[in-house]
Amino acid sequence: MSTVGQKERATQNRVVKLFSSTLKYAYLGNWEERPNNSNVEQAYLRAFLGRQGYSQTLIDRALHELLKTAGDQSKSLYDVNKAVYSLLRYGVKVKADVGEATETVHLINWQEPLTNDFAIAEEVTVAGEHAKRPDAVLYVNGIALGVLELKRSTVSVSQGIRQNLDNQKKTFIRPFFSTVQLVMAGNDSEGLRYGVIETPEKYYLTWKEEGEDGSVANLLDRHLLQLCNKARLLEIVHDFIVFDAGIKKVCRHNQYFGVRAAAQRVMQREGGIIWHTQGSGKSLTMVWLAKWLREHRPNARVLIITDRVELDEQIEKVFLGVDEGIYRAKSGQDLIDRLNEAAPWLLCSLIHKFPGKEDGDVESFIEEVRRSLPPGFAAKGDLTVYVDECHRTQSGKLHEAMKEILPN
């Protein structure tokens, strides 16, 4: 008699117990034979919204909007998932009746993570063109936010990743993934890999973190404790997911900790350095920090300074790709004019290579800055400056030029 299934079953039993006993998720049961499993379990969502004080009419209308958006089969999975994400993050805007004011029904309480209902179900059979059965599904307030495939230690995590990718195909259970934010696969020997919808296998990520969970010997358990604890899971979904020109992306561990540390420093009115290796996601770190600042600081403005044309173009492209309007300064005078006004909130500029300037003509740029500063000039708004490649520009005359424009 084969023991293959028994080994995977033992891993799954342990993981489910980890979620219920340690992470304090409610255990919904084995849903292999349960009919009509859905990515929006309405009874659980209605119960949560009722406790939040919403009227039955508002709950009905919010659920109708969510189900209509999540069930739209005329669009791509990316577009549907993006539309659902917007409802999850910002709430569903509905009216109790014609002529009444619009109200926002928040499907998740982001401000108080532990007030939400976290749950796990296993062997969730999902109907589709061909039915599939994810090993475990993580629900928040009845909404499927995470899918987890588990393998025994002698079978590569890659197999679980490929299962997740197959499940997202039109011929299987693509509609189920319209609400899903984290797609995960793991085993005891390799630990956990995570991505989002349509993440190619080679881009699945590994979470790396030292700390209180570092003493947990089992690698898979350690990763799950770190990534799926209630507050962390919602923080990643709320602050560290982006839809980037047709590709949904989630943070790596270095981006998560870098943004959190930078945000803390900025709130204390202190500067700092985030050191990156090439290809470690610097541009998206900028995006996530800028979005965080805009939401947490009144009158927040961000100026991104680079020292090469191609970097300036890249920054503009990245922010436009994630639907954030960014103004690219055309000259030194243009930069001063924009800083002297309250808008736009997001700007990028070369530090010295403006059109028409000789490469590296620092002296003339500084002189232009001095001439163009109006009397009593002070940049408007609560300004944070990112300096890209700061080791090349934050010393000597270029640094002096920066201080002339932005003494504070």
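Colleague: Which residues does isoleucine 304 touch, not counting residues up to four places away in sequence?

Modeller: Keep in mind that this is a predicted model. Isoleucine 304 touches Met286, Ile315, Phe319, Ile326, Leu346, Leu347, Cys348, Ser349 and Tyr386, with residues up to four places away in sequence left out.

Colleague: And which residues touch the most other members of the largest nonpolar core?

Modeller: Those are Phe19 and Ile304, in a core of 85 residues. Helix H9 gives the most to this core, with 8 residues. Another core, of 20 residues, lies apart from it, and includes Leu77 and Phe176.

Colleague: Switching topic: is threonine 69 buried or exposed?

Modeller: Threonine 69 counts as buried because its relative accessible area is 14%, and the cut-off for buried is under 20%. You'll find threonine 69 in helix H3, residues 56–70.

Colleague: What is threonine 69 in contact with, leaving aside its neighbours within four places in sequence?

Modeller: Its contacts there are Val80, Ala83, Val84 and Leu87.

Colleague: How many of the lining residues are in each class?

Modeller: The lining of the second largest pocket has 8 nonpolar, 8 charged and 2 polar residues.

Definitions and conventions
Residues are numbered from 1 along each chain as its sequence is written. This is a predicted model: local features need pLDDT of at least 70, side-chain atom pairs count only at pLDDT 80 or more; totals for chains, interfaces and linings use all residues. Side-chain values use heavy atoms; hydrogens and water are left out. Ala, Val, Leu, Ile, Met, Phe, Trp, Tyr, Cys and Pro count as nonpolar, Asp, Glu, Lys and Arg as charged, and the others, Gly among them, as polar. A nonpolar core is a set of buried Ala, Val, Leu, Ile, Met, Phe, Trp, Tyr and Cys residues joined through side-chain atoms within 4.5 Å. Buried means under 20% relative accessible area, exposed over 50%, partly exposed in between (1.4 Å probe, protein chains only). Helices (H or I, at least four residues) and strands (E, at least two) are DSSP runs, numbered from the N terminus. Contact means heavy atoms within 4.5 Å.
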